Amino acid sequence: MSFDLVFFGGTGDLTWRKLMPALFQAFRHGKLPEGGRILAVARDDQSDERYREWLKERFREVDAGKRPSDEEFERFASLLHYKRMDLSQPEHYQGLKDWLDARNADTVVLYLATSPYLFTQICQQLGAVGLNHDKVRVVLEKPLGHDLASAQEINRAVRGVFAESQAFRIDHYLGKPSVQNLMALRFGNALFEPLWRRESIANIQITLAERLGVGTRGAFYDGTGALRDMIQNHALQLLTMIAMEPPSANDADAIRDEKLKVLRSLKPFTPDSVARDVVRGQYRAGNIEGVVVPGYLDEVKVPPESHCETFVALRTEVNNWRWAGVPFYLRTGKRLAARDAQIVVNFRPVPHKIFPGGSQPNRLVIKLQPEDGLELQLLAQKGTGQGEQLTPVSLDLDFDKAFAAQRVGAYERLLLDAIAGRLNLFVRSDEQEQAWRWVEPILDAWAADPSGPRPYTSGSWGPAAASALVARDGFSWAEEQ
Ligand code: BG6
């Protein structure tokens, strides 16, 4: 199957930091279909040769394990082409079309790795020159809008030109092997399903914690914040995968229909519930692994009075028969104590205690990163004699260790899926809009509240109010237990 993969924003950060290394990995693993061409499109005037040299230099900055040797780069570079385009010029789109038509590949994937402000314009111009025919797919990179109205506007522009089945909206968390494993855990095994409901589960906690600060992305981040950057997309996508009903088939629409139902069942926020159930924070200077790090307000290109949140913790519920009354806690933040993404399913305690001592309810920890695995925490007896208290033990599965050599990174997986036309791991427009609809009352309430985010020290787990949020229900975050 021949394909042409075009990167708009071909000299941008996303392209060289994530997309090209991922493609190179696919190439190295022999997974890239034969007969592919990769075309980078950007404003600079340069030849294929110059672009290849530039990219070779950039590759020196990616993880050593993902860096090609000179010989590997030579082979990979033979797939790479460059085309200068001014995205406001209609005739430049015609030039692109002519370039693609001259070969007439089986599949054309157009990846918009540009600022989202350009999406509408690019889609319209692509449509105007007929680059929306059956063989074309368009890949859209987040952020897809900054509120419901802007997301709807982008979706209208995309829909005006492409069918939904041609639109691949990326949420790179869905490409992570650990996240796909969630589907396998729930729907490839019968074990947990009878327990996966309000009768057995006390609460669910989703944590996406980062050690890094905003780094050089201050200007972008300050207009975005943690709610838009991580909760509206990554955290909510994880929540849908945890809470969804079993889909009738492992196909894109069956899965996305179920995810949408979860989003529609989320308890809507009001100004009062935002004040009660959502905590926003902003990091101050602190210490991460022995290194003193600056506070958010001292980061490059961050305005000195900024109210931008770098931390969010919230409590919600999924209002349906399976989950009514079960708290779902979502939490994300920069400059936290650890880089740790995990989902913790806390089961209910035994209904009647017959052993001495405390009794710790069972817990399933789904580790997403840095480790990728499952830990089931149980209680056992050591067998030391009468009157013995129970001891916590755990069943620990390390997927990295078990499958390391065969695993494929998130962008590699998603790029290969886009080339192959598999939509399962991409977000449908109605899901994405519903996620914005749910998040928007939080944004509105914050905009009307001059108190701003609560400070927290870098290297901590966020403001104390985040602990209080969970403690109010009689629970605590996993690291506090
Ligand atoms: C991105 C956010 O979507 O996800 C970043 O824009 C964040 O701010 C990143 O750092 C986290 O992704 P990962 O894969 O490193 O957990």
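**From the sheet to the ligand**

Strand β5, which covers residues 136-140, pairs with β6 in the parallel sense, and three bridges join the two. Within this pairing, Leu-140 stands opposite Arg-169, a residue of β6. The model in which these features are seen is a predicted one.

The two strands belong to an open sheet of six, whose order is β3-β2-β1-β4-β5-β6 and whose pairing is parallel. At the edges lie β3 and β6 (167-169), each of which pairs on one side only. From one strand to the next, the twist averages 20 degrees. Helix α2, made of residues 48-59, packs on this sheet and touches both β2 (36-42) and β3, and the direction of the helix makes about 115 degrees with that of β3.

Strand β3 (residues 80-84) is also the place to look for His-81. Is His-81 buried or exposed? Its relative accessible area is 17%, and because buried means under 20%, His-81 counts as buried. The side chain of His-81 is joined to that of Asp-48 by a polar contact of 3.2 Å. Apart from neighbours within four places in sequence, the residues in contact with His-81 are Arg-37, Ile-38, Leu-39, Ala-40, Asp-48, Tyr-51, Arg-52 and Trp-99.

One of these contacts, Arg-37, leads on to the charged pairs of the structure. A search of the whole structure finds 40 salt bridges, and one of them is formed by Arg-37 with Asp-4, whose closest N and O atoms are 2.8 Å apart.

A second salt bridge joins Asp-86 to Arg-43, and here the closest N and O atoms are 3.8 Å apart.

Another salt bridge is found between Glu-61 and Arg-58, with 3.1 Å separating the closest N and O atoms. Glu-61 has a relative accessibility of 49%, and therefore counts as partly exposed. Salt bridges can also be linked in a network, as they are for Arg-186, Glu-193, Arg-197, Glu-245 and Arg-322.

The last stop is the ligand. Which residues surround the ligand? They are Lys-142, His-172, Tyr-173, Lys-176, Glu-210, Arg-217, Asp-229, Met-230, His-234, Lys-334, Arg-339 and Gln-369. Among them, His-172 has an N or O atom in its side chain that is 2.8 Å from an oxygen atom of the ligand. For Tyr-173, a polar side-chain atom lies 2.5 Å from an oxygen atom of the ligand, and for Lys-176, the distance between an N or O atom of the side chain and an oxygen atom of the ligand is 2.6 Å.

Methods
Residues are numbered from 1 along each chain as its sequence is written. This is a predicted model: local features need pLDDT of at least 70, side-chain atom pairs count only at pLDDT 80 or more; totals for chains, interfaces and linings use all residues. Side-chain values use heavy atoms; hydrogens and water are left out. Helices (H or I, at least four residues) and strands (E, at least two) are DSSP runs, numbered from the N terminus. Buried means under 20% relative accessible area, exposed over 50%, partly exposed in between (1.4 Å probe, protein chains only). A polar contact is a pair of N or O atoms within 3.5 Å; within protein, one must be able to donate a hydrogen and the other to accept it, and residues adjacent in sequence count only if both atoms are side-chain atoms. Contact means heavy atoms within 4.5 Å. Two strands pair if DSSP finds at least two bridges between them. Axes are lines fitted to C-alpha atoms, for helices over the stretch in contact, and angles run from 0 to 180 degrees between N-to-C directions. A salt bridge is a side-chain nitrogen of Lys or Arg within 4 Å of a carboxyl oxygen of Asp or Glu. A residue is near a molecule or strand if one of its heavy atoms lies within 4 Å of it.
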